[in-house]
Amino acid sequence: MKKFVLLIGFIAMVVAFMPLNVSAQSSNTEWYGTMSWEELKQDNSSWIPKSDGSGYYIRQDYSITKTSDGGYVYIEFEEKNNVKVSDKEIGSAFDLVYETKTTNGVAYLLKTKDGQAINGVETSLISVIADIVDVEVLECALNPRPLSPNCAKIGDTYLDNTGKEISASEYAAACESKPNDVPTPETGSVIPYIAIGGGLVAIALVYFYSRRSNKMYKL
């Protein structure tokens, strides 16, 4: 019995001091090349105990291989299940330009420190820390959602259709111009004025032809 107790104690001590390892994932994005992220794990669990014993958290470290032409990256982290974003660490190559709470989580606008675009080089972007909301719920999910940097107004920053910073007036001219067409209220599709006019003429011709045919029949 004594040996058994000693064995259990030894196993518990090993588990307590087991080093962190990582779980890696990656995906191809439309604007930021390959986005990769690693989630720290301990004891085959992604939950890491807080040093003060007040609960658990998860940490995800992100990197990308491309930015917009102006060096921008715009990304949201969705608190999908049982997590709450509590902190972040910005990659050494980037500055945080804007941060905002969204309906689904938190969004960040980041820019390279030198303002130059990254293309083809894997670069550390951001580390996101999220607290576990309910430790009784044995699952959680924090999802990255890359957002378009093209023709975007993010806080006080205006970006053109390549993701370069421009003025508010330049943004209005480049990104808020409207075509000279009429959108239909049902579908939002665009119908040019000439098509509407042509349709009305066709209806009128059919109407007059029908009336003429009816008169000839009566005779």
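Modeller: Let's start with a side chain that reaches a backbone: a polar atom of the Asn82 side chain sits 3.2 Å from the backbone oxygen of Val137. Keep in mind that this is a predicted model.

Biologist: Happy to. Which other backbone oxygen lies 3.0 Å from a polar atom of the side chain of Asn82?

Modeller: That of Glu139. To read such a pair, look for N or O atoms within 3.5 Å.

Biologist: Where is Asn82 found?

Modeller: In the loop between β5 (72-81) and β6 (83-90).

Biologist: Is Asn82 buried or exposed there?

Modeller: The general idea is a cut-off: buried means under 20% relative accessible area. Asn82 has 12%, so Asn82 is buried. Leaving out residues up to four places away in sequence, Asn82 touches Trp47, Asp131, Ile132, Val133, Asp134, Val137, Glu139 and Cys140.

Biologist: Now to the rings. How many aromatic pairs does a search of the whole structure find?

Modeller: Six. For the angle, planes under 30 degrees apart count as stacked, over 60 as edge-to-face and the rest as tilted. Take Tyr158 and Tyr171: their ring centres are 5.3 Å apart and their planes meet at 55°, so this pair is tilted.

Biologist: Which parts does the pair of Tyr158 and Tyr171 tie together?

Modeller: Tyr158 belongs to strand β12 (residues 157-159) and Tyr171 to helix α2 (residues 168-175), so the pair ties together parts that are 13 residues apart in sequence. Tyr171 also counts as buried, because its relative accessibility is 10%.

Biologist: And which residues do ring pairs link into a cluster?

Modeller: Trp37, Tyr62, Phe77 and Tyr108 are the ones joined that way.

Key
Residues numbered from 1 in each chain as written. Predicted model: local features only at pLDDT ≥ 70, side-chain atom pairs only at ≥ 80, totals over all residues. Heavy atoms only, no water. Phe/Tyr/Trp six-rings, centres within 6.5 Å; stacked < 30°, edge-to-face > 60°. Helix = DSSP H or I, 4+ residues; strand = E, 2+ residues; numbered from the N terminus. Buried < 20%, exposed > 50% of the residue type's maximum accessible area, 1.4 Å probe, protein only. Polar contact = N/O pair within 3.5 Å; in protein donor to acceptor, adjacent residues only side chain to side chain. Contact = heavy atoms within 4.5 Å.
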